[in-house]
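This report describes selected features of one protein model. The sequence and the structure come first, and the notes follow.

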Amino acid sequence: TYDVCHSCDFISKQKGFLLTADVEKSRYDTHQYSEEDHYYNNTFLNLIKEYIEPYKVKTVLDYGSGPFRVLTKFLKEQQYNVYDYDPYYHPDDSYQKEMFDLIVSTEVIEHFYDPIKEFDHLLSILKDKGYLLLMTNFRTMPHDEFINWWYKRDNTHVAFYNLNVFTYLEEKYNLKRLKTNEKNIILLQKR
């Protein structure tokens with residue numbers, strides 16, 4: 001049910017196994033969050049401290065903000081000019097009229113049915129020298145171990161990245177890798 005790109009090592013779910021929009025949204029509706037969830041909150045606060053604050057950005061797009069818009073809330077509290085978009089929970093596409101210093105996508109790119117189309121779109125609204133901050137679990141195991149990876153068991157996860165895939169994206173889009181934890185976060189800059 002998966003395809004592997006032998007050039008960049010990207011793995012994607014085959015089109016015949018993708019979910020309908022209704023089924024996909026019903027899965028997202030099961031996600032739980034409360035304002036007392038310290039782990040969830042700290043994840044975003046640490047992301048801001050380590051990957052956003054040092055780069056002195058002003059305009060930010062939280063792309064795929066989800067139903068709770070937690071990162072958007074924290075960024076606004078810290079005086080960033082923030083737009084957010086989510087196709088199911090905040091489908092306001094007015095953000096497309098703007099250009100951004102930073103686009104953040106946390107736990108989103110693994111849901112992209114057509115990643116190249118999505119990256120084309122995001123980079124078209126990112127300013128030159130702007131930053132693209134991505135969070136997804138990186139595939140670190142060889143292909144033969146992928147089938148047992150817990151992360152692929154979520155049926156909404158359809159696109160799986162590793163550092164080779166990001167190297168391909170850097171070359172394709174003329175991006176510079178600024179920082180990564182080599183586990184689930186990467187910060188790229190548009191040249």
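Is tyrosine 63 buried or exposed? The model is a predicted one. In this model tyrosine 63 has a relative accessible area of 7% and is therefore buried, the cut-off being under 20%.

## Aromatic pairs

The structure contains 20 aromatic pairs. In one of them, the ring centres of tyrosine 63 and tyrosine 95 are 6.2 Å apart and the planes stand at 70°, so the pair is edge-to-face. This pair connects distant parts of the chain: tyrosine 63 belongs to strand 3, tyrosine 95 to the loop between strand 4 and strand 5, and 32 residues separate them. Tyrosine 95 is buried as well, with a relative accessible area of 2%.

The rings of tryptophan 150 and tyrosine 151 also form an edge-to-face pair, because their planes are at 80°, with centres 5.3 Å apart. Tryptophan 150 counts as exposed at 54% relative accessibility, whereas tyrosine 151 is buried at 3%. Ring pairs also join Phe10, Tyr63, Tyr85, Tyr95, Phe112, Phe119, Phe138, Tyr161 and Phe166 into a cluster.

## Charges over rings

The charged end of lysine 179 is placed over the ring of tyrosine 51, at 4.7 Å from its centre. Lysine 172 lies over the face of tyrosine 173, and the distance to the ring centre is 5.4 Å.

In soluble globular proteins, nonpolar side chains tend to be buried together. The largest nonpolar core of this model has 28 residues, of which Ile103, Phe119, Leu132 and Tyr161 touch the most other members. Two or more residues each come from strand 3, strand 5, helix 4 (115-124), strand 6 (126-135), helix 6 (163-173) and strand 9 (185-190). Helix 6 gives the largest share, 4 residues.

Leaving aside residues up to four places away in sequence, isoleucine 103 touches Leu61, Tyr63, Leu122, Ile125, Leu126, Tyr131, Leu132 and Leu133. Another core lies apart from the largest one and has 21 residues, including Ile52, Val57, Tyr131 and Leu187.

## Helix 3

Helix 3 spans residues 70-77, and its buried residues are Val70, Leu71, Thr72, Phe74 and Leu75. These buried residues pack against helix 2 (38-52), strand 3 (59-63), strand 4 (81-85) and strand 5 (100-106). Glutamine 79, just after the helix, has a positive phi of about 75°.

Strands of a sheet pair through backbone hydrogen bonds, either parallel or antiparallel.

Strand 1 and strand 2 (residues 11-13) run antiparallel and are joined by 3 bridges. The bridge partner of tyrosine 2 is lysine 13 in strand 2.

## Positive phi in loops

Most residues other than glycine have a negative phi. Asparagine 174 is not a glycine, yet its phi is positive, at about 55°. Asparagine 174 is found in the loop between helix 6 and strand 8 (175-180), and at 42% relative accessibility it counts as partly exposed.

Glutamate 182 also has a positive phi, near 60°. Glutamate 182 is in the loop between strand 8 and strand 9 and is exposed, with a relative accessible area of 52%.

Key. Residues are numbered from 1 along each chain as its sequence is written. Side-chain values use heavy atoms; hydrogens and water are left out. Buried means under 20% relative accessible area, exposed over 50%, partly exposed in between (1.4 Å probe, protein chains only). Contact means heavy atoms within 4.5 Å. Two strands pair if DSSP finds at least two bridges between them. Rings of Phe, Tyr and Trp (its six-membered ring) pair if their centres lie within 6.5 Å; planes under 30 degrees apart count as stacked, over 60 as edge-to-face and the rest as tilted. A charge sits over a ring if NZ of Lys or CZ of Arg is within 6 Å of the ring centre and within 35 degrees of the ring normal. A nonpolar core is a set of buried Ala, Val, Leu, Ile, Met, Phe, Trp, Tyr and Cys residues joined through side-chain atoms within 4.5 Å.
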